[in-house]
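Student: I have a model open and would like to learn how to read its features. Where should I start?

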Amino acid sequence: MPVKDEITERLVAAFTPRELEVIDESEQHRGHSGYQEGGESHFRVRIVADGFADMSRLARHRAVHEAIGKDLVGRIHALALEISA
């Protein structure tokens with residue numbers, strides 16, 4: 001399964017977001033550190049979910065990383081997060 005789909009699946013299961021966009025930005029990083037042929041190395045996640053309402057920015061980021069899981073985060077070079085309630 002593509003990394004993008006794995007991220008999407010895990011975030012939907014954890015947060016039931018109202019909005020979720022997972023963007024593979026790998027091609028924009030061609031020639032930079034961490035780039036791998038075929039993509040799936042640099043991602044941007046935009047997520048809106050009620051569960052983030054009472055969380056600080058740091059707590060939101062930690063929650064998303066936990067939901068994605070160490071195994072998957074370890075396969076990603078860069079993960080940009082835009083999180084709101």
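What follows goes from the overall fold to single residues.

Tutor: Start with the kind of model: this one is predicted. Then look at the order of helices and strands.

Student: How many helices and strands does the chain have, and what pattern does the chain follow along the sequence?

Tutor: The chain has 3 helices and 3 strands, and read along the sequence they follow α-β-β-α-α-β. The radius of gyration is 13 Å, close to the 12 Å from the globule rule for 85 residues, so the chain is as compact as a globular protein of that length. The C-alpha trace spans about 40 × 25 × 20 Å along its principal axes.

Student: What share of the residues count as buried?

Tutor: Of the 85 residues, 33% count as buried. Contacts across the sequence are another thing to read. Among contacts with a separation of 6 or more, 60% are between residues 24 or more positions apart.

Student: How do I read a nonpolar core, and which residues of the largest one touch the most other members?

Tutor: In soluble globular proteins, nonpolar side chains tend to be buried together. Here the largest nonpolar core has 17 residues, and those touching the most other members are Ile-7, Leu-11, Phe-15, Val-45, Ile-47, Phe-52 and Val-64. At least two core residues come from each of α1, β2, α2 and β3. The element that gives the most is α1, with 4 residues.

Student: Take Val-45 from that list. Which residues does Val-45 touch, leaving out those up to four places away in sequence?

Tutor: Val-45 touches Ile-7 and Leu-11, then Leu-20, Glu-21 and Val-22, and also Leu-79, Ala-80, Leu-81 and Glu-82.

Student: How many aromatic pairs does a search of the whole structure find?

Tutor: The search finds 1 aromatic pair. To classify a pair, check the angle between the ring planes: under 30 degrees is stacked, over 60 is edge-to-face, and the rest are tilted. The ring centres of Phe-15 and Phe-52 are 4.7 Å apart and the planes are at 40°, so this pair is tilted. Phe-15 belongs to helix α1 (residues 3-15), while Phe-52 is in the loop between β2 (42-48) and α2 (57-68), so the pair ties together parts 37 residues apart in sequence.

Student: Are Phe-15 and Phe-52 buried or exposed?

Tutor: Both Phe-15 and Phe-52 are buried.

Student: How do I find the buried face of a helix?

Tutor: An α-helix has 3.6 residues a turn, so residues three or four places apart point the same way. In α2, the buried residues are Arg-60, Ala-63, Val-64 and Ile-68. Seen down the axis of α2, the buried residues fall within an arc of 130°, so they line one face of the helix. Arg-62 and Glu-66 are exposed, on the face of α2 turned away from the buried side. The cover over the buried residues of α2 includes α1, α3 (70-73) and β3 (78-84).

Student: Last, how do I compare two residues in a loop?

Tutor: Check the relative accessible area: under 20% is buried and over 50% is exposed. Glu-25 lies in the loop between β1 (19-24) and β2, and Glu-37 also lies in the loop between β1 and β2. At 13%, Glu-25 is buried, whereas Glu-37, at 63%, is exposed. Leaving out residues up to four places away in sequence, Glu-25 touches His-42, Phe-43 and Arg-44.

Methods: Residues numbered from 1 in each chain as written. Predicted model: local features only at pLDDT ≥ 70, side-chain atom pairs only at ≥ 80, totals over all residues. Heavy atoms only, no water. Phe/Tyr/Trp six-rings, centres within 6.5 Å; stacked < 30°, edge-to-face > 60°. Buried < 20%, exposed > 50% of the residue type's maximum accessible area, 1.4 Å probe, protein only. Contact = heavy atoms within 4.5 Å. Arc of directions from axis to C-beta. Core = buried A, V, L, I, M, F, W, Y, C linked by side-chain atoms within 4.5 Å. Rg over C-alpha atoms; globule rule 2.2 N^0.38 Å.
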